[in-house]
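This report concerns nonpolar packing and aromatic side chains in a protein model. Please consult the sequence and coordinates alongside the text.

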Amino acid sequence: TSMDAYADEVVGTLDGLDAKDADIAGMSMGGYVALAVLRRHPEKVRSLILIDTQPAGDPEEAKPGREKTAEKAQANGTIALEEDLFPKLFSPKTDDSVKERIREMMRNTPDDTAAQDALAMRDRVDSTTALSLAEVPVLVIHGKDDMLMPVEGAREWSSKVPGAEWVEIPDAGHVGPMENPEAVNQAIRNFLS
């Protein structure tokens with residue numbers, strides 16, 4: 001499992017649909033996949049939408065945390081990840097129904113998949129240079145209350161992407177499309193139009 005392998009699967013799907021190119025969007029880990037598509041298959045990217053994610057690879061000091069996550073998922077299932085992750089995921093204004101939906105999604109993820117994804121995130125390639133050289137429109141959407149990837153850092157890296165549009169989503173943490181779907185959808189509609 002790797003972000004590059006996932007990116008190749010996305011492109012395989014596009015090829016299966018006879019799509020010459022596409023507007024590629026990804027949130028969180030999906031953003032890592034979207035960036036890998038840009039790096040590996042730039043001809044397939046018509047535009048790029050990055051939501052609550054970042055182009056940098058994991059710094060060395062963060063890698064043991066990914067390994068611990070993988071070990072927890074393997075040993076105790078994805079339910080064991082909630083204790084660490086949930087306090088950082090949401091805006092204080094996030095509705096409990098959204099939290100319950102995320103909880104259900106996590107619990108329905110196979111333990112082995114969660115473990116492999118944690119290690120794939122640990123090993124992902126830094127996409128900062130590829131993003132800075134992108135010759136496609138880029139939209140960066142980030143939740144104002146994102147504690148996993150604080151908004152200040154996202155604002156900083158996005159300002160270094162030539163021509164990138166920035167939209168900060170109020171009342172949203174790390175899962176803005178679920179916490180404030182109206183604002184996220186409006187930002188995407190504006191960008192694509």
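The sections below treat the basis of the values, the nonpolar cores and the aromatic rings.

## Basis

The model is predicted, so local features need pLDDT of at least 70 and side-chain atom pairs count only at pLDDT 80 or more, whereas totals for chains, interfaces and linings use all residues. Residues are numbered from 1 along each chain as its sequence is written, and side-chain values use heavy atoms, without hydrogens or water.

## Nonpolar cores

A nonpolar core is a set of buried Ala, Val, Leu, Ile, Met, Phe, Trp, Tyr and Cys residues joined through side-chain atoms within 4.5 Å; buried means under 20% relative accessible area (1.4 Å probe, protein chains only). The largest such core has 27 residues, and Ile 24, Leu 48 and Leu 131 have the most contacts inside it. H2 gives the most, with 7 residues.

Beyond four places in sequence, the contacts of Leu 48 (heavy atoms within 4.5 Å) include Ile 24, Leu 131 and Phe 191. A separate core of 14 residues has Ile 102 and Met 106 among its members.

## Aromatic rings

Ring pairs of Phe, Tyr and Trp (its six-membered ring) require centres within 6.5 Å, with planes under 30 degrees apart stacked, over 60 edge-to-face and the rest tilted. The count is 1 aromatic pair. Phe 86 and Phe 90 are edge-to-face because their ring centres are 5.2 Å apart and their planes at 70°. Phe 86 is buried at 11% relative accessible area, and Phe 90 at 6%.

How values were computed. Buried means under 20% relative accessible area, exposed over 50%, partly exposed in between (1.4 Å probe, protein chains only). Helices (H or I, at least four residues) and strands (E, at least two) are DSSP runs, numbered from the N terminus.
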